[in-house]
Structures are given as structure tokens and as C-alpha cells.
Amino acid sequence: MTTSTRAKQAAEKAWPSGKRRASARARANFALIKYWGKADARLNVPAVGSISITLDALWSDTDVELDPSLAADELVLDGQRRAEQLDKVSACLDILRERAGVRTRARVVSANNFPTGAGLASSASGFAALVTAAAGALDLELTPREASIVARQGSGSAARSVFGGFVEMHAGHAPDGSDSFAEPLLAGEAWPLEVAIAVTAKGEKEVGSRSGMTRSAKSSPYYAAWVGTQDGDLAAARAAIGLRDFEALAEVAEHNCLKMHAAAMGAVPPLLYWNGATVECLNAVRQLRASGVPAFFTIDAGPQVKAICLPDARPRVEAALRAIPGVLDVLVSGLGAGAELR
Ligand code: DP6
């Protein structure tokens, strides 16, 4: 490399003038086998592996602009400045800035096309989009696995939104978190499941996933059993996905979801993420399946019910959920792609 090329590269790294920006889209994912609990809070390493599906209809669009005139990072989420979320965003940006060897602060503007913080996986799509856009703005070429590791440090579920279709997140064992990443299990086109999402409450949830899982780990007598039985559920779900065995996936996913909520309900003080309509939806999905309609439910740290079904069954599942008092809206989605620059 010539001296002038090196000098040019050094000047670019310092970015004394001029701004760099990139935009990315990442889609939400729903875990069928859940992540709940951390092995290492500082590195945000999960205590358990998880398996998810990435959706095509729910996404975050994030724009990252590196601006030398900024003294601190800025975050605008859905049109509002969100100071309380800035630490997590800056921590994620710092990992990438360190790798790129730059200190320039960033203006992050992100928007979700679905309700934020209501148990619809906005942190998953948000951090996957952030990492993808920031790496683009910093001109860093990350492998998807590297992007997944960085996204995990923003939000554990975000590690999965880097990929499309069916995705498995490995808890990992390495003390530095280097083997705690997600990877694709099966392309969405290979088994195009659909999802009907019953929205039973709007607005942000009272206890976020992060504090909910900390509380469960500290105080729930069921937490150890939750962690101790996860590998069996992961193996069953992996096998069901490999065989496209809907009934087997339905059984293990509903079991795993209710077990996660049992661990949360056993916390002190208890965590109850459901409302009455949540329970009605859950019963409706169980009745549909009992009557031969291929559908099963999952519920995250919020009151919304996600009904996963085979494509032919989707209109029927959607109509059944819409008819339940207390269901405010039903969103529908197929399976989608991984995070991408736009
Ligand atoms: C119930 O990924 O939001 O949705 O890593 O603390 O940001 P942090 O948690 P987060 O937790 C998601 C929990 C869940 C289950 C899941 O998505 O696997």
C-alpha cells in the first residue's frame, strides 16, 4: 500500500468532514422455542438456545448516519427521541466503532411498521437493523454470524432476526460469547408457515423481557427446571422442522411457551403478561387444532397471541381470532428474509 493510500484511509477513518449513512431493514421474529434468562448479563449471553421464525410483514427500518459534529449518539424511534434506549444502542454502536477504529457519533432514526414494545419483537428487528445499517455506514464487512453476535449484545432475540426463515440461536459456552449466535435452520420457502397475530392490548408492556427474565432467574422456583428442560424441547423442534411435522412442532412449541410463562408466573413478584383476551385466544387456537385445523399458539412477554398455521388454514384462524371479544386487531404474516441493507 502506498503512503498516500494509507493517508487517505486514515483520513477516511477520522471523517473530519462529511457524513456516512446507511439504511437497513430487519424483520421481527417469533420464538417457537423461547429464550428466557441469561448466562451472562454483561455480554447478553442467553442461558438457553432458542428457535424462531422470521416474519415478512413486521419490520424495522433503521437509518444510521455518522456525523462528526455530534458529541453523543442520538436515537429517534418512531418519530420520538428515546433517551432511555440510548445506552443499549450506543453500546452496540461502540462494538462496531471499535472494530472499525473510529469514534464518530451517530444519529439513529428507526421506525417500526408495527406497535413498539408491545410483545411483538420490536427489539429483535430493531437491533438487527441497527447492526446492519451501522456496519454499512462504518464500511465494515461483517459475516452474518458476526452480525448475529453483535446484534445479540443489543438484544438476545435480535441475533435471530439477522436470518430469514427458521432460525436457531445457540446459547454457546465460550466465556467471551463468541459461540453465542444464531444460524439458519431451514429456508422459509421450504415450509411456508403463516402467522395470525391477535393484538389484545396496545401500548408498551409494563415489565420488559430483560427485567422479566432477571426477575424469573432470581426468584422463580421453576426457573432451574425451565433451563434444565430446554435442550429436549430444542431437539424436538429441530426434528419437527426437519420433517415438516406440524403436529409435533405445535405440541413442543405450545409446551415450551406455557413453560416459559410458568417460570415467569412463579417469580416474586409474579409476572403475568396475559389478559383475558389472551387466554380466550389461546383456547380458541387449541380448539381449532382439536377440530383438525393446523394451528398452534405462542406468546411472548406481552398479551398478544401469535397463531402459527399452515397457509390454507390462515383465513379460518384469522377469522376465529377476530371474533374474540377484546381482540383489537389481527395482523397476518408469512415468513420473511434476514436483515438487509436498503
Ligand atoms: C419472550 O431479546 O427482548 O420474546 O436480550 O434482554 O433484549 P434481551 O431480551 P429479548 O427477549 C425476548 C424474550 C421473548 C422470547 C424470545 O424471543 O425468544
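Visitor: At what angle do the axes of helix 9 and helix 10 cross, and within what distance do they come?

Guide: The axes of helix 9 (residues 246–265) and helix 10 cross at roughly 160 degrees and come within 13 Å. Axes here are lines fitted to C-alpha atoms, for helices over the stretch in contact, and angles run from 0 to 180 degrees between N-to-C directions. Helices are DSSP runs of H or I with at least four residues, strands are runs of E with at least two, and both are numbered from the N terminus. This is a predicted model, where local features need pLDDT of at least 70, side-chain atom pairs count only at pLDDT 80 or more, and totals for chains, interfaces and linings use all residues. Residues are numbered from 1 along each chain as its sequence is written, and side-chain values use heavy atoms, with hydrogens and water left out.

Visitor: Why are helix 9 and helix 10 called roughly antiparallel?

Guide: Set the angle against the cut-offs: under 35 degrees is roughly parallel, over 145 roughly antiparallel, 65 to 115 roughly perpendicular, and the rest oblique. The crossing is at roughly 160 degrees. Helix 9 and helix 10 are therefore roughly antiparallel. Their crossing is left-handed, the term for a near helix turned anticlockwise from the far one by less than a right angle; clockwise is right-handed.

Visitor: Which residues of helix 9 and helix 10 meet?

Guide: E247, A250, E254 and L258 in helix 9 meet L282, V285, R286 and R289 in helix 10. Contact means heavy atoms within 4.5 Å. By class there are four nonpolar, no polar and four charged residues. Ala, Val, Leu, Ile, Met, Phe, Trp, Tyr, Cys and Pro count as nonpolar, Asp, Glu, Lys and Arg as charged, and the others, Gly among them, as polar.

Visitor: What makes helix 2 roughly antiparallel to helix 4?

Guide: The axes of helix 2 (residues 86–100) and helix 4 (residues 144–154) cross at roughly 150 degrees and come within 8 Å. That makes helix 2 roughly antiparallel to helix 4. Helix 2 passes helix 4 in a right-handed crossing. K88, C92, I95, L96 and R99 in helix 2 meet E146, V150, Q153 and G154 in helix 4. That contact has four nonpolar, two polar and three charged residues.

Visitor: At what angle do helix 2 and helix 3 pack?

Guide: Helix 2 and helix 3 (residues 122–137) pack at about 35 degrees, with their axes 10 Å apart. The crossing of helix 2 with helix 3 is right-handed. The contact residues divide into nine nonpolar, no polar and one charged.

Visitor: Why do strand 11 and strand 13 stand at the edges of their sheet?

Guide: Four strands form an open sheet in the order 11-12-10-13, with antiparallel pairing. Strand 11 (295–298) and strand 13 (329–333) each have a single partner strand, so one side of each is left without a neighbour in the sheet.

Visitor: How do you know that strand 11 and strand 12 pair?

Guide: Two strands pair if DSSP finds at least two bridges between them. Strand 11 and strand 12 (residues 305–309) have four bridges, in the antiparallel sense. F297 stands opposite A307 in strand 12.

Visitor: Why is the meeting of R21 and D63 called a salt bridge?

Guide: A salt bridge needs a side-chain nitrogen of Lys or Arg within 4 Å of a carboxyl oxygen of Asp or Glu. The side chains of R21 and D63 meet at 2.8 Å, N to O. R21 lies in strand 1 (residues 20–33) and D63 in strand 4 (residues 50–66), so the pair ties together parts 42 residues apart in sequence. By this rule the count comes to 24 salt bridges.

Visitor: Where does P269 lie?

Guide: P269 lies in the loop between helix 9 and helix 10. A cis peptide bond joins V268 and P269, with omega about -10 degrees. Most peptide bonds are trans.
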